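Dear colleague,

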Amino acid sequence: MRAKISYVITAAVLVFYFVLVGSRGVLLIETGTLLTVTFGVAVLILPVIGLWFLWKNTQFVRKANQLAAELDAEGGLPVDELKRTPSGRVDRGSADEVFALRKAETEDAPGDWRSWFRLAVAYHDARDTPRARKAMQRAIALHDGKPVQAA
């Protein structure tokens, strides 16, 4: 729940920022000189890109949470079997061991979104965020029945 509240607050702050920046862009355009209109258009592009990124990220998180809920209902969520350091961080060696198991599971069933979901969690635990995101995107695509390119 805490992560959701943080995400909503961050998104609200970003939207406020985009509105603020967009209003400055409009003011620059209203000035009417070639230079200010050019800058105004450039400034308006930034909030559009930011809003697009925020929208895509929100959709990704929403779909990943839907998969987690479905997997939880099936009893297939990965169990947290990782060793932790005294500070509470995941032990790297433990994460690597679990990752090897999840990778083998995914290689045995490459068309199963559940194995890709669990692999994404293992990548995340191993602190490999880019690969975790790609594995989760593949899980979402497989779940939705979309064609997936070979890795």
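A crossing is called left-handed if the near helix is turned anticlockwise from the far one by less than a right angle, and right-handed if clockwise. Helices are DSSP runs (H or I, at least four residues), numbered from the N terminus. By that convention, helix 3 and helix 4 cross in a left-handed manner.

Please note that this is a predicted model, in which local features need pLDDT of at least 70 and side-chain atom pairs count only at pLDDT 80 or more, while totals for chains, interfaces and linings use all residues. Residues are numbered from 1 along each chain as its sequence is written, and side-chain values use heavy atoms, with hydrogens and water left out.

Helix 3 and helix 4

Helix 3 (residues 92-108) packs against helix 4 (residues 113-125) at an angle of about 160°, the axes being 9 Å apart. Axes here are lines fitted to C-alpha atoms, for helices over the stretch in contact, and angles run from 0 to 180 degrees between N-to-C directions. The pair is therefore roughly antiparallel (angles under 35 degrees count as roughly parallel, over 145 as roughly antiparallel, 65 to 115 as roughly perpendicular and the rest as oblique). Contact means heavy atoms within 4.5 Å. On the helix 3 side, the contact is made by Ala 95, Phe 99, Arg 102, Lys 103, Glu 105 and Thr 106. Helix 4 contributes Ser 115, Trp 116, Arg 118, Leu 119, Ala 122, Tyr 123 and Asp 125. By class, this contact has 6 nonpolar, 2 polar and 5 charged residues (Ala, Val, Leu, Ile, Met, Phe, Trp, Tyr, Cys and Pro count as nonpolar, Asp, Glu, Lys and Arg as charged, and the others, Gly among them, as polar).

Helix 2 and helix 5

The axes of helix 2 and helix 5 come within 10 Å and cross at roughly 70°, so the two helices are roughly perpendicular. This crossing, too, is left-handed. Asn 57, Phe 60, Lys 63, Ala 64, Leu 67 and Glu 70 of helix 2 meet Arg 133, Met 136, Gln 137, Ala 139, Ile 140 and His 143 of helix 5. The residues of this contact divide into 6 nonpolar, 3 polar and 3 charged.

Lys 63, in helix 2, is partly exposed, with a relative accessible area of 25% (buried means under 20%, exposed over 50%, partly exposed in between, with a 1.4 Å probe and protein chains only). Leaving aside neighbours within four places in sequence, Lys 63 is in contact with Ile 140, Asp 144 and Lys 146. Lys 63 and His 143 are 80 residues apart in sequence, yet their C-alpha atoms are 9.8 Å apart in space.

Helix 5 itself (residues 129-143) has buried residues at Ala 132, Ala 135, Met 136, Arg 138, Ala 139, Ile 140 and Ala 141. Their cover includes helix 2 and helix 4. Ala 141 has a relative accessible area of 15%, and it touches Lys 146 and Val 148, not counting residues up to four places away in sequence. Just after helix 5, Gly 145 takes a positive phi of about 75°.

Helix 1

In helix 1, the buried residues include Ala 11, Phe 18, Val 21, Gly 22 and Gly 25. Helix 2 (34-74) is among the elements that cover them. Gly 32 follows helix 1 and has a positive phi, near 95°.

With kind regards
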